[in-house]
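Work through the exercises below with the sequence and the model open. Each task is followed by a solution in steps.

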Amino acid sequence: MRILTVVGARPNFVKVAPLLDEMGRHPEMESILVHTGQHYDHEMSMAFFEDLQIPAPHMNLGVGSGTTVTQTAEIMLRLERVIEETQPDVVLVVGDVNSTLSAALTAAKMGRPLAHVKAGLRSFDRTMPEELNRVLTDAMADFLFVTEPSGVENLRREGRPAEKIYLVGNVMIDALTRFLPRAKLYPIPIEFQARDNSRDTVNSKFGLVTLHRPSTVDNLATFRGIWAALEVIAKEVPLIFPAHPRTQGRMVECGFYGS
């Protein structure tokens with residue numbers, strides 16, 4: 001069986017790492033990995049391939065940045081040629097980013113069976129681009145791999161046939177289980193260490209912040225409210241905040257961060 005797996009953004013990379021590892025254990029499967037190039041600089045893309053031990057993609061479509069419509073159209077145009085050349089038995093997509101929907105549309109238009117990993121998740125907020133991507137991808141998928149019972153319920157409510165739905169568990173937990181021992185080997189940054197001299201031990205307690213969705217950072221009133229809450233929390237525990245470029249831009253606009 002030839003499986004064409006399409007990824008394009010950071011959330012995809014984490015989800016696909018355990019899948020590709022498992023596929024590699026089955027010689028009857030031929031795995032082809034395509035990177036759309038939706039996320040393309042080193043820190044947003046290849047650094048994840050290195051840390052997650054994902055093999056280099058067989059093809060990179062190099063679509064780069066752009067509007068949602070532009071990205072979707074460019075991925076479809078370039079992926080069409082790849083599907084024609086490779087003739088996969090299944091096109092596999094994960095998650096809910098633009099690359100997910102683009103690959104799903106292309107596979108469906110070309111009559112290729114489509115598998116969606118992390119199907120059925122819903123926020124019920126159609127203003128979120130991710131929600132549209134999820135709903136549309138699930139509507140086209142032939143194999144719906146679901147992480148939790150609520151996902152099954154959502155799909156059945158939307159009229160998806162039971163024989164296409166598989167409750168399989170969460171690949172994000174698979175990735176966590178696989179890479180947690182490696183993560184524990186990383187030293188704690190010195191600025192987040194607090195030494196208890198009486199016991200000669202290091203007490204490390206800090207929070208990790210991730211914040212980048214348009215619904216939370218593009219609305220500046222909402223973003224300022226979240227920032228105020230983080231300032232309160234930071235008085236109790238140090239916060240590590242690897243800020244997304246989108247978030248950095250809003251931080252500059254609000255005067256939280258220098259340009």
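Two residues are in contact when they have heavy atoms within 4.5 Å of each other. The model is predicted.

**Exercise 1**

Determine which residues Glu 130 touches, and whether Glu 130 is buried or exposed.

Solution. Start by placing the residue: Glu 130 belongs to helix 5, residues 129-140. Next, leave out residues up to four places away in sequence; Glu 130 then touches Asp 96 and Arg 213. With Arg 213 there is also a polar contact between the side chains, at 2.9 Å. Finally, the relative accessibility of Glu 130 is 14%. Buried means under 20%, so Glu 130 counts as buried.

**Exercise 2**

Classify Val 168 as buried or exposed, and find its contacts.

Solution. Val 168 sits in the loop between strand 7 (165-167) and helix 7. Its relative accessibility is 52%. The cut-off for exposed is over 50%, and Val 168 therefore counts as exposed. Setting aside residues up to four places away in sequence, Val 168 touches Phe 145 and Val 146. As for Ile 32, its C-alpha atom is 22 Å from that of Val 168, and the two residues are 136 apart along the chain.

**Exercise 3**

Describe how helix 1 and helix 7 pack, and which residues meet.

Solution. Two packed helices are described by the angle between their axes and the distance between the axes. For helix 1 (residues 10-23) and helix 7 (residues 171-184), the angle is about 75° and the axes are 8 Å apart. Angles of 65 to 115 degrees count as roughly perpendicular, so helix 1 and helix 7 are roughly perpendicular to each other. On the helix 1 side, the contact is made by Val 14, Lys 15, Ala 17, Pro 18, Leu 19 and Asp 21. On the helix 7 side are Val 171, Met 172, Asp 174, Ala 175, Arg 178 and Phe 179. Sorted by class, this contact has eight nonpolar, no polar and four charged residues.

**Exercise 4**

Give the strand order of the sheet, name its edge strands and find which helices lie on it.

Solution. The sheet is open, with seven strands in the order 3-2-1-4-5-6-7 and parallel pairing. Strand 3 (59-60) and strand 7 are the edge strands, each pairing on one side only. Strand 1 (residues 2-7) pairs with strand 4 (residues 90-94) over four bridges, and Leu 4 stands opposite Val 91 in strand 4. Helix 3 (residues 68-86) packs on the sheet, touching strands 1, 2, 3 and 4, at about 165° to the direction of strand 1. Helix 6 (residues 149-157) lies across strands 5, 6 and 7 and runs at about 165° to strand 7.

Notes: Residues are numbered from 1 along each chain as its sequence is written. This is a predicted model: local features need pLDDT of at least 70, side-chain atom pairs count only at pLDDT 80 or more; totals for chains, interfaces and linings use all residues. Side-chain values use heavy atoms; hydrogens and water are left out. Axes are lines fitted to C-alpha atoms, for helices over the stretch in contact, and angles run from 0 to 180 degrees between N-to-C directions. Helices (H or I, at least four residues) and strands (E, at least two) are DSSP runs, numbered from the N terminus. Angles under 35 degrees count as roughly parallel, over 145 as roughly antiparallel, 65 to 115 as roughly perpendicular and the rest as oblique. Ala, Val, Leu, Ile, Met, Phe, Trp, Tyr, Cys and Pro count as nonpolar, Asp, Glu, Lys and Arg as charged, and the others, Gly among them, as polar. Buried means under 20% relative accessible area, exposed over 50%, partly exposed in between (1.4 Å probe, protein chains only). Two strands pair if DSSP finds at least two bridges between them. A polar contact is a pair of N or O atoms within 3.5 Å; within protein, one must be able to donate a hydrogen and the other to accept it, and residues adjacent in sequence count only if both atoms are side-chain atoms.
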